Amino acid sequence: MAYSDKVLDHYENPRNVGAFEEGDDSIGTGMVGAPACGDVMRLQIKVNNAGVIEDAKFKTYGCGSAIASSSLLTEWVQGKTLEEAGQIKNTELAEELALPPVKIHCSVLAESAIKAAIKDYQTKQGTETEDTQA
Amino acid sequence: MTELSESDFHEHIDDTLMAIEEAIDEASLNIDYETSGGVLSLTFDDDSRIIVNRQTPARQLWVAAKSGGFHFNYDIENGLWLRDSDQEELFHTLSHLCSQQSGQHVNFN
């Protein structure tokens, strides 16, 4: 089964690869998958005071579809509020990339990654207000 | 919690794939199925597919359908596959997904 042109484009020219510096409270990190399962995805979002995602970066160890799903996701979440970003569905990613049926699971991983990153950001914000004397 | 051994896991998966094929036969549905290399593919009239495979390291059963990807864990006590996100039973989910893709009412329960 051949990859679509869109998958190949993201695979060959992945957008927003990398990581933000640790210890910044405006960053949320989502890490999903497991090395034993073949795919690991690390997605980070940088959120401004208005709750809008200003920037996003990813690192993915996995197949072309997993890389393309996370690359596309970093493009889509920029400029979105946390709520909007949390509503992105795996089927929307799969449809945009024209993923073969079984590769839907790669887009599921990407959806889990953004949800985990949002949760991490919200947890950080929550802890910050409770625990000011770190 | 008891961990599922790899051999038990494969046995449960193989039994489940067979049970899905039997359920399709019993319900006299117009769905083509084929198990190859331990992966079950269902093909519908509109050429859309549902693929059921195994994710061995995670001990999960995975379903790829038009409406998304679904992951199931084995409930040893009750002998059922339950979806990780909402604990829905596998055949319940499959009935729903097959109804969506075949355009006819499917009930495997």
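This briefing covers the interface between chain A and chain B and a surface patch on chain A. The model is predicted. Between chain A and chain B, about 890 Å² is buried, with 0 salt bridges counted across the two chains. On chain A, Tyr3(A), Leu8(A) and Tyr11(A) form a nonpolar surface patch.

**Interface: extent and composition**
- The contact involves 10 residues of chain A and 16 residues of chain B.
- Carbon and sulfur atoms give 71% of the area of about 890 Å² that is buried between chain A and chain B.
- On the chain A side, the residues that lose the most area to chain B are Cys37(A), Pro101(A) and His105(A).
- Together, Cys37(A), Pro101(A) and His105(A) account for 51% of what the chain A side buries.

**Interface: polar terms**
- The number of salt bridges between chain A and chain B is 0.
- Polar contact between chain A and chain B comes to 1 residue pair, with both residues at pLDDT 80 or more.

**Interface: helices of chain A**
- Helix H4 (90-97) and helix H5 (104-130) of chain A each contribute at least two residues to the side that touches chain B.
- H5(A) gives the most to that side of chain A, with 3 residues.

**Surface patch on chain A**
- The nonpolar patch made by Tyr3(A), Leu8(A) and Tyr11(A) has an area of about 260 Å².
- Tyr11(A), one of the patch residues, lies in helix H1 (residues 5-12) of chain A.
- Tyr11(A) counts as partly exposed because its relative accessibility is 43%, and partly exposed covers values between the buried limit of 20% and the exposed limit of 50%.

Notes. Residues numbered from 1 in each chain as written. Chains lettered and ligands numbered in written order. Predicted model: local features only at pLDDT ≥ 70, side-chain atom pairs only at ≥ 80, totals over all residues. Heavy atoms only, no water. Patch = residues over 30% accessible without salt bridge, like charges linked within 9 Å, V, L, I, M, F, W, Y side chains within 5 Å. Areas by Shrake-Rupley, 256 points an atom, 1.4 Å probe, with all protein chains shown as cover. Salt bridge = Lys/Arg side-chain N within 4 Å of Asp/Glu carboxyl O. Helix = DSSP H or I, 4+ residues; strand = E, 2+ residues; numbered from the N terminus. Buried < 20%, exposed > 50% of the residue type's maximum accessible area, 1.4 Å probe, protein only. Contact = heavy atoms within 4.5 Å. Buried area = accessible area lost by both parts, 1.4 Å probe. Polar contact = N/O pair within 3.5 Å; in protein donor to acceptor, adjacent residues only side chain to side chain.
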